[in-house]
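Me: I have a model open and want to learn how to read it. Can you take me through some features?

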Amino acid sequence: MGCTWCEISQLESLELYFSIHYNIDRQLRSNFTFHHCFDQIPQMSTRWLPAAQLTASGRPVFILGEVESSLLSGVDIEPDDQYPNLSPLKSGILILTTHRLIWISDSSSAFAIPLSAVTHIFSPKKSIKAMFASPRIRIQVLVSPQNGCLDEKGSKSMVITIVVRGKTDPEAFLGKLWEAWRGRAWETLKEESSSSTSTDEGSSRSGIRTRSAVVGVAGILRKEQEMWESTDKSLQDAFQDLNALMDKAKEMVMLAEKMRQKLLSGPSTQGTGTNDEEIGSKQEMQDWMLSVGIASPVTKESAGALYHQQLSRQLADFVKIPLEKAGGMISLIDIYCVFNRARGTELISPEDLLQACSIWEKIDVPVMLRKFDSGVMVIQNKSYSDEEVLARINALVLKPDSLRSGISASDAAMALGIAPAMAKEHLLTAESKGLLCRDISPDGFRFYVNLFGEILTEDIYLVKDYGTYGTWISAVLASR
Amino acid sequence: MQTLGNFKLPNFFNYPPYFTLQPVRDTREKQVQLWKELILDYCRTQKIFVIALDEEFPLFSNPVIESIAGSLNHEARQAFLSALVSEGRAEWMHKGHRKCLILWHRIQDWADSIVQFVKDNGLEDTVMTVEEIRSGVESRGTELHGIDRTILMRALKLLENKGKLVIFKGSSADDEGIKFSL
């Protein structure tokens, strides 16, 4: 009898085991038999793939330059039979990116297979059995020899089977997988770092050139050759330009991301050193950053039937910053503009936006869609409460100027630091709660503090000593 | 204190929202009550019996409120007068809802007033014309003086039904006579 994890015999592993884990607690010990590597606890037998980070709304956190390209639903990931201790991952969403295959389960755990660890992608088997079963995609990956855990530098390999039980089309996905794997996007960074060292070596070699024949048939042939070479070269250059353009674009996005990170992490500057210009341009920068927000948009192509769900999650992530800027509540129209601007291409339609927002009810995100009586729709944090704004409106409306001539939506917008449309909604909410009364004139709506509550029908001339009514009367008299 | 004629106006007469029909139910109820009270008070002191919706009614606008929200619009006037009608303190004079008869005294109160008037002046078992009740010498200084004819007739009819008097056609075509038999 040997170790349940590797082939080392009982005697060997026991020794090693006790020598290293002398003090390990009894429960752990009883849970597994004789494995000597500290990390390999059976509960972790599901952890044969590296974990992937998720955002608060269940979308994967992408690494720099990673772009999503396709999505499958209802996916199981099964390890090789060689490793019976590894448990399969059941029923999740599989997202293909330029760098990884990311598997996300319903219970918000996620794992990733780096494409750099993939050594082979098998062609789909064409058999009668395959026709009736769920489609399968098989890939070969590098694993660590001891435990079968995925390891880019591993010396053994294992076949992973991706079982597609959902409705999405696996063939298209397979095509994209080939593309992404061949694209080797994860190597560009390494290339860039290594190419800088190789150019130094190359320049020293280019000094000497051999003279070539330019007369006779050889000369003609030579000229043909040269022309062909120069065409080839200019074609290459042209494509280089295109590649260079795309690289530059990538650089730009990376630069924007860096600056955005900087701005987000930098606290509001304290101390005496700041000048107004700095703060002003920082604000501008922030606005500009907001519009260069999204590098890997969810598209109908990449997500198919799950488009709305994934879009919904991406939207939930995106909306956090504009919400904060706008004071906790932002109109749907504003979000539509800002979100589409950040996506750049692959714009979404208003219906898509509405649908994405309505999906939020079903998934666990910190934002919600709210519809006011007037029909205006806004997005707000679930934690947002009306009470705070109402308290501020109350304070505003009791000021002497407001007592005398009331407040309009734009007055409230300026005082509260929010958009006029939002301010109007808040004023209407305050009115419906009995806090304010409206006054309609050719100039528009103005709101006053509600005095009706303090006036008695039985004695219409009575003014109580310590009420708002009295304060109002004094304020009005003071202006005469 | 502001006045309209010799009528003392309450402070809230200068409160702009008072002149805009409030949409929120509880606020509206209060607003309606205050207007009903004000209309009845004003009409009683100024002896106004009829309010015509299409004509200027001084109580319905406040020149002090500059923003010119200081005037009740048609819908608001309708609303407040209808509220009075529902309470039985007013009546629409015809289907068009253009003129409203204000009963700052109910018909029953007017009837009682007439009975008191007859007793005070020892007019039992006498005959008077309707016009004399309204504008005769005896009526001067009483509430009956200048009373709206429609209201007077209604009160008299009420008393007739109770058998306190008899109405009969008089000598002239447009004046009726009353024989009291209290």
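Predicted model: local features only at pLDDT ≥ 70, side-chain atom pairs only at ≥ 80, totals over all residues.

Me: At what angle do the axes of helix 9 and helix 12 of chain A cross?

Reply: Axes are lines fitted to C-alpha atoms, for helices over the stretch in contact, and angles run from 0 to 180 degrees between N-to-C directions. Helices (H or I, at least four residues) are DSSP runs, numbered from the N terminus. Helix 9 (residues 307–318) and helix 12 (residues 350–359) of chain A come within 8 Å and cross at roughly 80 degrees. Angles of 65 to 115 degrees count as roughly perpendicular, so helix 9 and helix 12 of chain A are roughly perpendicular to each other.

Me: Which residues of helix 15 meet helix 16 in chain A?

Reply: A:Ala409, A:Ala412 and A:Ala413 meet A:Pro420, A:Ala423, A:Lys424 and A:Leu427 of helix 16. The axes cross at roughly 105 degrees.

Me: What is the phi of A:Arg184?

Reply: Most residues other than glycine have a negative phi. A:Arg184 has a positive one, near 45 degrees. A:Arg184 lies in the loop between helix 4 and helix 5 of chain A.

Me: Where is B:His97?

Reply: B:His97 is in the loop between strand 4 and strand 5 of chain B; strands (E) are DSSP runs of at least two residues. Its phi is positive too, about 55 degrees.

Notes: Residues numbered from 1 in each chain as written. Chains lettered and ligands numbered in written order. Heavy atoms only, no water. Parallel < 35°, antiparallel > 145°, perpendicular 65-115°, else oblique. Contact = heavy atoms within 4.5 Å.
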